[in-house]
Amino acid sequence: MVGIKLRNKALRLDEARAAFSNFDEWTRRYAQKAQTLAADIHVAETMLRRLDLTLRAPDAISLAIARRLRAELATFDVRMAESARALGISLAAV
């Protein structure tokens, strides 16, 4: 999103760099990095085949990883949050 805003001139280069720096600091403090496993892709595929969910592939992979790690998911995406709830995945307060 930052790259798109930069290309559309909605952000200046220094603002884009600051946005990335702020995000990096936030993830360092509050997020857990995890490797994607082959099993996560299989679980994500199963989630994508559920017709009651409105997931995109990257979101399904993130949900599969969160489920495996029993981690809370932080998202501003309403559809992804609804899918997480339907799948029993905890949501962080944002």
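Guide: In what follows, a residue is called buried when its relative accessible area is under 20%, exposed when it is over 50%, and partly exposed in between, as computed with a 1.4 Å probe on the protein chains only. The model is predicted, so that local features need a pLDDT of at least 70 and side-chain atom pairs count only at pLDDT 80 or more, while totals for chains, interfaces and linings use all residues. Residues are numbered from 1 along each chain as its sequence is written, and side-chain values use heavy atoms, with hydrogens and water left out.

With a relative accessible area of 28%, Val43 is partly exposed. Val43 sits in helix H3, which spans residues 38-48; helices here are DSSP runs of H or I with at least four residues, numbered from the N terminus. When residues up to four places away in sequence are set aside, Val43 touches Ala64 and Arg67, a contact being heavy atoms within 4.5 Å.

Turning to the charged side chains, a search of the whole structure finds nine salt bridges, each defined as a side-chain nitrogen of Lys or Arg within 4 Å of a carboxyl oxygen of Asp or Glu. One of them joins Arg28 and Glu25, with an N to O distance of 2.7 Å. Because Arg28 and Glu25 are three residues apart in helix H2, about one helical turn separates them. Arg28 is exposed, at a relative accessible area of 58%, whereas Glu25 is partly exposed, at 30%.

Another salt bridge links the side chains of Asp52 and Arg50, at 2.6 Å from N to O. Within this pair, Asp52 is exposed, with a relative accessible area of 54%, and Arg50 is partly exposed, with 32%.

A further salt bridge brings together the side chains of Asp14 and Arg12, where the N to O distance is 3.1 Å. Asp14 is partly exposed, its relative accessible area being 46%.

Key: Helix = DSSP H or I, 4+ residues; strand = E, 2+ residues; numbered from the N terminus.
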